[in-house]
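The sequence and structure are shown first, and the description follows.

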Amino acid sequence: MKLKRLFSIFCAFICAIAFCFSLTGCPNKKGGTITLEVYSQLANYQGMQIGMMAAVLKDKFNVELNIIKDEEGIYETRMERGFLGDIVVWGSNGKEYKQAIKNGMLFDWESEDLVKNYGKYIYENLQPALEANREINGNGKIYGIGHNVAPSAEEHENTSYTWDIRWDLYNQLGRPEVKDLDDLYNLLVEMKNICPTDENGNPTYAFSLWPDWDGSMVMYVKAFATAYYGYDEHGIGLYDPETGEFYDALAENGPYITSLKFFNKLYRAGLVDPNSSSQTYEDMSQKLAAGGIFMSIFDYAGSMGYNSDDHIAQNKMMLPLVPKDARIMAYGMSVYGGNRIWTIGAHTRYPELCMEIINWLYTPEGTMYNLYGAQGLIWDYDENNNLYFTPFGKTCNNDPNTSLNGKTWTSPWTGKTYELGGSFNDGRLQINNTTWTKDAINPDSNGETFNSATWKSEQEPPKCDTEAAWRKWSGCLSTVEYLNTKCNYAVMPGINYSESVRDDELELIWNTVTTKLKEGTWSILKYAKNDNEFNYLVNELRNNLKKLGYDRCVEWSRQEAQVKWQLQQELANK
């Protein structure tokens, strides 16, 4: 009897432990700190999350995050190990994502009512996005949720193709008209003439590129075509969302080749950083912060990295200058979310905790922390629920490299105070994926969007004479107003599209062709000595790729473009 009683007590004890570990918050909030592995195909950083968001996550969930970025062979290695991560973030909802589902590597969000019980905000507010995920998976199950979810599809997001340029130098040159790429080339030549070196005495360049984000094509060349022509990346080429027409990457006089020719022309004039094909995004960012780059088509690689308090005090700023002939790309808001998927690894020990974290990131509060960092330290609400940056937060927003050493943050949840370190950029959530679309209205605010550029508090007098000159020239108070009212743009509607999985033979051909395409693109950009040689090298690359199966890749992309166009027609007729 005594043994029986001891056995019963032991069983009850084990059951109590099991029950405790089944409850979100029980193991992590009352027990020791848990380290979660986050495999993110979008991350630019690898290692433990540090700084500001490390403190936030420790306080709210008692977790630490170990970020694993996607480098060559990482996906295959983790698949072979049978563990992708506790939280898994996908760069697209295509082949690798679907392969992970097929191999049982992702957690079913409806298993034991996981999302219903531990993802309540998502479950109660974002059902269309969950159902969109179920639809693309093909097996009736939900494994995740897409990025950039919006409450409606009636509007488009503000574009990140801002065409930032050194406006202090443009002013100095008398603000010549920039109608097309020829005018832009001439302007950049003149900028180099009046500003040959940066703040460290190193050569300046019109553009400094990086290969880290190259996919099926060279990212910056492809993105320049998107920014100038309004064609979206699609397969091994670009897609016109207004006509459904597809242009393969090597189409004669097509958008990709035209963009490549522009960069080759700049390179020959010494206006493209010669380290572009080998440096990292971080290398480029350091050159940008030192004034070594005149232009970027992206705000995050332009004004956001250059417009520091010190530069503004010197009357130096990067501000938008969109060529008059350009048709920039904007993306339609989508209730379905985008193709960068938040998921949970099938073999995690902490599915409830992972779900709680993802759910929080989709709340208005979590979205703000993800976008801007810690409330109270960086941003807050005023008495009317309007959003604003704190004085220190404004400095961080102007210069993401601002140090947080010596700064503290007091938790609004526990009242604990944490000492911070590193830079503001270091302390941001390094998973590098979004949840709500930035241009959606923040339900916790007084009708303001998550986008700080639109906050009432940010509509203030010009920061310096250069910004005042830009406002007078553009007739606008903000970048958002200028891009939305003064520029041509094409909108890629928010459709529930997921590319088809290529069979093994085509996938092998695809990988070979796209690798050679990227190598050939960089080679032509750097080594074509004149237009005739450029045309010769493009034709040679085209012939070589055709022998490797380029036409099959193009045909697959063209068929997928037809699927995308059909989905657009169905959306328009709803």
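Asp 273 is buried, its relative accessible area being 1%; buried means under 20% relative accessible area, exposed over 50%, and partly exposed in between (1.4 Å probe, protein chains only). Its side chain meets that of Lys 287 in a salt bridge, with 2.6 Å from N to O. The term salt bridge denotes a side-chain nitrogen of Lys or Arg within 4 Å of a carboxyl oxygen of Asp or Glu. Lys 287 is partly exposed, with a relative accessible area of 25%. The pair links distant parts of the chain: Asp 273 lies in the loop between α12 (255–268) and α13 (281–289), while Lys 287 belongs to helix α13, 14 residues apart. Helices (H or I, at least four residues) and strands (E, at least two) are DSSP runs, numbered from the N terminus.

The model is predicted: local features need pLDDT of at least 70, side-chain atom pairs count only at pLDDT 80 or more, and totals for chains, interfaces and linings use all residues. Residues are numbered from 1 along each chain as its sequence is written, and side-chain values use heavy atoms, with hydrogens and water left out.

**Salt bridges**

The structure holds 22 salt bridges. Three of them are set out below.

| Pair | Closest N and O atoms |
|---|---|
| Asp 168 and Arg 166 | 2.7 Å |
| Lys 324 and Glu 177 | 3.8 Å |

In the pair of Asp 168 and Arg 166, Asp 168 counts as buried because its relative accessibility is 13%, and Arg 166 counts as buried at 3%. The salt bridge of Lys 324 with Glu 177 has another setting: Lys 324 is exposed, and so is Glu 177. Lys 324 lies in the loop between β11 and β12 (327–331) and Glu 177 in the loop between α9 (167–172) and α10, so this pair ties together parts that are 147 residues apart in sequence.

**A sheet of three strands**

Strands of a sheet pair through backbone hydrogen bonds, either parallel or antiparallel. Here, three strands in the order β10-β6-β11 form an open sheet with antiparallel pairing; two strands pair if DSSP finds at least two bridges between them. The edge strands, each pairing on one side only, are β10 (295–298) and β11 (318–320). From one strand to the next, the twist averages 30°.

Strand β6 (residues 161–166) is joined to β10 by three bridges. Within this pairing, Asp 164 stands opposite Ser 296, and the bridge partner of Tyr 161 is Phe 298. Three bridges also join β6 to β11, again in antiparallel fashion, and there Ile 165 stands opposite Leu 319.

How many of the residues of β6 are buried? Six of its six residues are. Both faces of the strand are covered, with Tyr 161, Trp 163 and Ile 165 on one side and Thr 162, Asp 164 and Arg 166 on the other. Helix α10 (residues 181–194) lies across β6 and β10 and runs at about 35° to β6.

**Two helix pairs**

Two packed helices are described by the angle between their axes and the distance between the axes. Axes are lines fitted to C-alpha atoms, for helices over the stretch in contact, and angles run from 0 to 180 degrees between N-to-C directions.

The axes of helix α22 (residues 504–527) and helix α23 (residues 531–548) come within 10 Å and cross at roughly 170°. The two helices are therefore roughly antiparallel to each other; angles under 35 degrees count as roughly parallel, over 145 as roughly antiparallel, 65 to 115 as roughly perpendicular and the rest as oblique. Contact means heavy atoms within 4.5 Å. Among the residues that meet are Ile 509, Val 513 and Leu 517 in α22 and Phe 534, Leu 537 and Leu 541 in α23. The residues of this contact divide into 11 nonpolar, three polar and two charged. Ala, Val, Leu, Ile, Met, Phe, Trp, Tyr, Cys and Pro count as nonpolar, Asp, Glu, Lys and Arg as charged, and the others, Gly among them, as polar.

Helix α4 (residues 74–81) and helix α5 (residues 95–102) pack at an angle of about 5°, with their axes 12 Å apart, and are therefore roughly parallel to each other. Tyr 75, Glu 76 and Met 79 of α4 make the contact with Glu 96, Gln 99 and Ala 100 of α5.
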